[in-house]
Amino acid sequence: MRRFLKNCTNAGLIAAAVFAALGSVSASAQEKFVIATTGGTLEQELRTHFFDPFTKETGIQVITVSGTGAENVARIKAMAQTGNVEWDLYQAGEIQAASELHKSMNEDMTEFCRAYQGDKDLLPGACASSGVLSAYGTTLLAYNTRSFPAPGLKTWVDFFNVEKFPGQRSMPNFNDPWRVMAAALLADGVQPDGLFPLDVDRALAKLDTIRPHISLWWKTGDQSTQGFRNGEYVAGEIWQTRASALKKEGQPLAWSQDQAFLVGDRWALIKKAPHRANAIKFLEYFLAHPQAQARVCEALTCTPARYSAAKAMNAEAQAAAPTSPDVFEKLIRPDAAWINANNQMLLERWNEWNQR
């Protein structure tokens, strides 16, 4: 009997040890957090240089969901209203990150950023109450070099000049119409320093002239690139990250930074995020790895959050980056305060025009 009890006790201890080990593995496997991105090449580069290395180092799995910027915001807004928050982080546009809606849905990161106040390697404002800067990029004019050999198209005046530069175009339509209207006004002769506040009537009148030549009003980054591949259009208003990816594929593409719009994305932490601690760990990891920032921005032609990351980029990428000296002076900084204050009006006028 004693031997039996001893064997049972040993077996019980073994079983308990096995159960504990399995429980530990199960708990580890459940360590995760959820990031919403706009998908495509951007997500691929982040997966390669940040998400997978972060998981390897910490054991925390990075779950990604993707959609347009507007779709992601709409879903987060719905989560906030129902109290059923399923995501943790997402990339918010720099302009949207300055809005009251953004503040209502996302955590104030002031306390998080306190640890980085004396970090001279970070771009000014890279860590702010609205979130952590992912990178700066541009929305610009891109074109097919076979259709338009050098010198190609340089300004929005050229883009709208379908007589001199014939062919179908593409422009964005994702509930953020200011950049389409701004391009139209520049094409109509408005000077960059007089662009804001936008003259909506004048912009829509100018857009009437090019409307028959727009074969695609794209809603996602992936849509914006596909037409260049299949020849559906030969010029487009597109994110530079997407244009750069097309060129790396070997597509006959070039772009102009003249009158390009400087925009950025911020990692925003959603209020009541279910895996908040893991999301914070990722933000710390992101800021602590300038080499990875450099590799992402080399691939996407963007400007990283750290000066050291920019210096670590290859010479070609540094020269093309939105904040390099030669490029920066040609860029247009949108008036975020005016856009946010007038966003509803812009959307209403834009939707009316689209439905005509």
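This is a predicted model: local features need pLDDT of at least 70, side-chain atom pairs count only at pLDDT 80 or more; totals for chains, interfaces and linings use all residues.
## Ground rules

Numbering starts from 1 along each chain as its sequence is written. Local features need pLDDT of at least 70, side-chain atom pairs count only at pLDDT 80 or more, and totals for chains, interfaces and linings use all residues, while side-chain values use heavy atoms, with hydrogens and water left out.

## Gln91 in β3

Gln91 sits in strand β3 (residues 89-93); strands here are DSSP E runs of at least two residues, and helices are H or I runs of at least four, numbered from the N terminus. With a relative accessible area of 9%, Gln91 is buried (under 20% relative accessible area, 1.4 Å probe, protein chains only).

Its side chain makes a polar contact with the side chain of Ser134 at 2.9 Å (a pair of N or O atoms within 3.5 Å, one able to donate a hydrogen and the other to accept it). Beyond four places in sequence, Gln91 touches residues including Ala36, Leu42, Asp265 and Trp267 (heavy atoms within 4.5 Å).

## β6 and β7

Strands β6 (residues 169-172) and β7 run parallel, joined by 4 bridges. Pro172 has Trp218 of β7 as its bridge partner. Strand β7 (residues 214-218) is largely enclosed by the rest of the structure, because 4 of its 5 residues are buried.

## Helix α11

At 1.5 Å a residue, the 12 residues of α11 (residues 276-287) should span 16 Å, and the 17 Å between its end C-alpha atoms agrees. The expected span is 1.5 Å times one less than the number of residues. Among the buried residues of α11 are Ile280, Phe282, Leu283 and Phe286.

How values were computed. Buried means under 20% relative accessible area, exposed over 50%, partly exposed in between (1.4 Å probe, protein chains only). Two strands pair if DSSP finds at least two bridges between them.
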